[in-house]
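Please read the briefing below alongside the sequence and the three-dimensional model. It is arranged by topic, so that each group of points can be followed on the structure.

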Amino acid sequence: MARLWVGLAGAGFFLALLVLHSRFCGSPVLRKFAFQVSWTTKEILYRLDVGWPNRPEYFTGTTFCVAIDSLSGLVYVAQRGDNIPKVLVFTEDGYFLRSWNYTVDTPHGIFAASTLHEQSVWITDVGSGSYGHTIKKYNSFGDLVQVLGTPGKKGTGLTPLQFDNPAELYVDDTGDIYIVDGDGGLNNRLIKLSQDFMILWLHGERGTGPAKFNIPHSVTVDSAGRVWVADRGNKRIQVFDKDSGEWLGAWNNCFTEEGPSSVRFTPDGKYVIVAQLNLSRVLLVAAPPVGSIGNCSVINTVQLADQVLPHLLDVSGKTGAIYVAEIGAKQVQKYVPVEGYFPSFTHS
């Protein structure tokens with residue numbers, strides 16, 4: 001009973017902070033929605049950083065995706081809309097740095113893949129204009145470096161490579177690229193490219209069986225060499241071997257109400273972070289041990305207000321903070337680990 005009263009007091013304090021944030025910082029969530037956060041476990045593992053970013057008024061469009069460059073401490077947000085900057089760059093502390101718009105039509109997914117020698121940002125573009133149906137690489141200041149696909153032309157071809165509504169990509173430490181294509185278009189496939197853009201393997205058929213997809217929407221790679229795909233239309237996550245492309249298994253028991261729209265890992269590899277768009281929900285799921293996929297086991301749930309609509313998310317490799325791009329609330333929100341639960345990355 002004491003724990004219950006402590007939890008209620010904490011929730012009241014949390015709501016008070018949100019109200020103050022709305023009054024002084026202009027939070028769009030509290031202007032448009034009745035904000036709600038509930039947890040399915042007794043312990044809260046993450047808390048909302050109500051002060052991030054410092055200037056939320058820079059969110060002027062529909063925020064579809066977010067990417068964290070942990071090496072440089074930068075946060076990239078891609079948004080849609082007319083006559084607005086499509087890419088916003090913040091620090092992880094919440095300070096706005098710059099924006100750019102060059103050759104970005106309709107962004108869907110974004111990924112930051114920086115090294116000590118290069119800061120790179122990849123964007124999947126699902127637009128119908130001259131830059132649409134492509135995956136593009138930029139530097140941190142928005143200069144176009146590389147284009148994959150046939151600009152302005154959707155298709156199913158592999159030579160040359162074509163996309164139709166490419167949803168997201170993930171670039172691993174070796175430079176290999178994993179692409180999920182597409183978001184309701186002609187293609188339902190997972191493609192692995194080498195760092196020189198040669199196809200290493202692919203799974204590319206619509207269906208409900210193993211290694212078939214219905215709107216593959218998000219992709220990530222864990223430290224054990226497994227590729228995780230949010231197979232949104234089939235209400236499951238499928239898992240593959242990174243090197244061979246072999247199908248390893250699937251999770252579907254956690255997604256009976258709605259399929260996953262985004263998938264990422266915490267830096268320690270112990271948890272999978274999953275967004276469910278129409279349920280306005282973020283799940284913290286126990287990651288399986290190496291050599292086993294097993295069943296999905298939800299550890300924690302963050303229930304957002306109706307119509308917040310978390311689309312894609314990313315996790316800081318340095319701090320473990322979760323950044324969620326919300327297309328309903330038209331903002332990105334940051335959740336930080338509660339001190340003590342993740343000692344391997346809460347010290348930063």
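Glu-326 is found in strand β23, which spans residues 322-326, where helices (H or I, at least four residues) and strands (E, at least two) are DSSP runs numbered from the N terminus. At 0% relative accessibility, Glu-326 counts as buried; buried means under 20% relative accessible area, exposed over 50% and partly exposed in between, with a 1.4 Å probe and protein chains only. The side chain of Glu-326 makes a polar contact of 3.1 Å with the side chain of Gln-333, a polar contact being a pair of N or O atoms within 3.5 Å in which, within protein, one must be able to donate a hydrogen and the other to accept it, and residues adjacent in sequence count only if both atoms are side-chain atoms.

This is a predicted model, in which local features need pLDDT of at least 70 and side-chain atom pairs count only at pLDDT 80 or more, whereas totals for chains, interfaces and linings use all residues. Residues are numbered from 1 along each chain as its sequence is written, and side-chain values use heavy atoms, with hydrogens and water left out.

**The open sheet**

- Four strands, in the order β2-β3-β4-β5, form an open sheet with antiparallel pairing; two strands pair if DSSP finds at least two bridges between them.
- The edges are taken by β2 (62-69) and β5 (96-100), each of which has a single partner strand, so one side of each is left without a neighbour in the sheet.
- From one strand to the next the twist averages 20°, with axes fitted as lines to C-alpha atoms (for helices over the stretch in contact) and angles running from 0 to 180 degrees between N-to-C directions.
- Seven bridges pair β2 with β3 (residues 74-80) in the antiparallel sense, and Thr-63 has Gln-79 in β3 as its bridge partner.

**Buried strands and their partners**

- Six of the six residues of β6 are buried, so β6 is largely enclosed by the rest of the structure.
- β6 pairs with β7 in the antiparallel sense over five bridges, and the bridge partner of Phe-111 in β7 is Trp-122.
- β10 is likewise mostly covered, with six of its six residues buried, and five bridges join β10 to the antiparallel strand β11 (residues 177-181).
- Pro-166 stands opposite Asp-181 in β11, and the hairpin formed by β10 and β11 has five residues between the strands, with Gly-175 in the turn showing a positive phi of about 95°.

**The largest pocket**

- The largest pocket has a volume of about 1000 Å³. On a 1 Å grid over the protein atoms alone, a pocket is an open set of points with protein on both sides within 12 Å along at least five of seven lines, a cavity is a set of points where a 1.4 Å probe fits but cannot get out, and lining residues have an atom within 4 Å of a point. Grid points are joined across faces, edges and corners, and a volume is the space filled by probe spheres set on the points.
- Of the 36 residues that line the largest pocket, Phe-111, Tyr-170, Val-171, Asp-172 and Asp-173 are the closest to its centre.
- Elements giving two or more residues to this lining include β2, β6 (107-112), β7 (120-125) and β10 (166-171).
- The lining divides into 14 nonpolar, 13 polar and nine charged residues, where Ala, Val, Leu, Ile, Met, Phe, Trp, Tyr, Cys and Pro count as nonpolar, Asp, Glu, Lys and Arg as charged, and the others, Gly among them, as polar.

**Cavities**

- Two cavities of 30 Å³ or more are found in a search of the whole structure, and the second largest cavity has a volume of about 90 Å³.
- Of the 12 residues lining the second largest cavity, the closest to its centre are Tyr-46, Val-282, Leu-284, Val-302 and Ile-322.
- β20 (281-286), β21 (298-303) and β23 each give two or more residues to this lining, which divides into 10 nonpolar, two polar and no charged residues.

**Backbone geometry in loops**

- Most residues other than glycine have a negative phi, and most peptide bonds are trans.
- The peptide bond from Trp-52 to Pro-53 is cis, with omega near -10°, and Pro-53 is placed in the loop between β1 (46-48) and β2.
- Another cis peptide bond joins Asp-181 and Gly-182, with omega about 25°; Gly-182 lies in the loop between β11 and β12 (189-193).
- Asn-83, in the loop between β3 and β4 (87-91), has a positive phi near 55° and is exposed, with a relative accessible area of 84%.
- Ala-211, in the loop between β13 (199-203) and β14, has a positive phi near 65° and counts as buried at 14% relative accessibility.
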